[in-house]
Amino acid sequence: MIMPRGDQLLLPVNPLFLWFTLLLAFALNIMPMGRSAAMPDLVALTLVFWNVHQPRRVGIGWAFLFGLLMDVHQGALLGQHALAYTLLSYLAIMIHRRLVWFGLLQQMLQVLPLFFAAHAASLAVRLVAGDSFPGWSFFIAPFIEAALWPVASALMLAPQRRPPDPDKNRPL
């Protein structure tokens, strides 16, 4: 595989770290932090990140399971988050090969429509079920999630980065 320019080789991801980050995002999502419609969905952000970087380990099935868990926790219509997370994971896996070639700013712009699509799907299910419109602040959350993308990249790729080895005899 040809590597993107300027990137260093990454060590393989530890599966325990991968699942720890998903469970930590779920725990942070279920913490009571108030009722703001603009609250970012950390499970969605973590799912997209691992769908892009490890699509064989974290796929659509895990997104569906985490969506069901979110539905049960929030008392939402069963399948609302599952549909949104499944759609989000499908779109992330669809663009994962292209996304790693971009820098972080371009990646933010690439994942923003994915977050919008997930929030729109969740909103559509809520409106069809008879819930009221939560207000336009509902559409601030995808911007916050996209803005958190560089932070998530730095934190979740940190254990995989190699320490710089200044050996002049090795090309890698």
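What pattern does the protein follow, read along the sequence? Here are my notes, point by point.

1. Ground rules. This is a predicted model, where local features need pLDDT of at least 70, side-chain atom pairs count only at pLDDT 80 or more, and totals for chains, interfaces and linings use all residues. Residues are numbered from 1 along each chain as its sequence is written, and side-chain values use heavy atoms, with hydrogens and water left out.

2. Overall layout. The pattern along the sequence is α-α-α-α-α-α-α, with seven helices and zero strands. These are DSSP runs numbered from the N terminus (helices: H or I, at least four residues; strands: E, at least two). Of the contacts with a separation of 6 or more, 70% link residues 24 or more positions apart; contact here means heavy atoms within 4.5 Å.

3. Burial and surface. The protein has 172 residues, and 37% of them are buried. The cut-offs are under 20% relative accessible area for buried, over 50% for exposed, and partly exposed in between (1.4 Å probe, protein chains only). Areas come from Shrake-Rupley with a 1.4 Å probe, and for residues only the protein chains shown count as cover.

4. The core. The largest nonpolar core holds 34 residues. Such a core is a set of buried Ala, Val, Leu, Ile, Met, Phe, Trp, Tyr and Cys residues joined through side-chain atoms within 4.5 Å. Leu-47, Val-48, Trp-50, Tyr-85, Phe-115 and Trp-149 touch the most other members. Two or more residues each come from H1 (15–29), H2 (42–53), H3 (60–74), H4 (80–99), H5 (104–128) and H7 (149–157). H2 gives the largest share, eight residues. Take Val-48: leaving out residues up to four places away in sequence, Val-48 touches Leu-88, Ala-92, Val-111, Phe-115 and Trp-149.

5. Helix H7. Which residues of H7 are buried? They are Trp-149, Ala-152, Ser-153, Met-156 and Leu-157. Down the helix axis these fall within an arc of 100°, so they line one face of H7; the arc is that of the directions from the axis to the C-beta atoms. Their cover includes H1, H2, H4, H5 and H6 (141–147).

6. His-53 is in H2 and counts as partly exposed at 23% relative accessibility. Not counting residues up to four places away in sequence, His-53 touches Val-100 and Leu-157. Its C-alpha is 9.7 Å from that of Ala-92, 39 residues away in sequence. Trp-19, in H1, is partly exposed at 26%.

7. Nonpolar patch. Phe-20, Leu-24, Leu-28, Met-31, Met-33 and Met-39 form a nonpolar surface patch with about 550 Å² of accessible area together. Patch members have over 30% relative accessible area and no salt bridge; like charges are joined within 9 Å, nonpolar side chains (Val, Leu, Ile, Met, Phe, Trp, Tyr) within 5 Å. Phe-20 lies in H1.

8. Salt bridge. How many does a search of the whole structure find? One. Arg-126 pairs with Asp-131, with the closest N and O atoms 3.2 Å apart; the criterion is a side-chain nitrogen of Lys or Arg within 4 Å of a carboxyl oxygen of Asp or Glu. Arg-126 is partly exposed at 22% relative accessibility, and Asp-131 is partly exposed at 38%.
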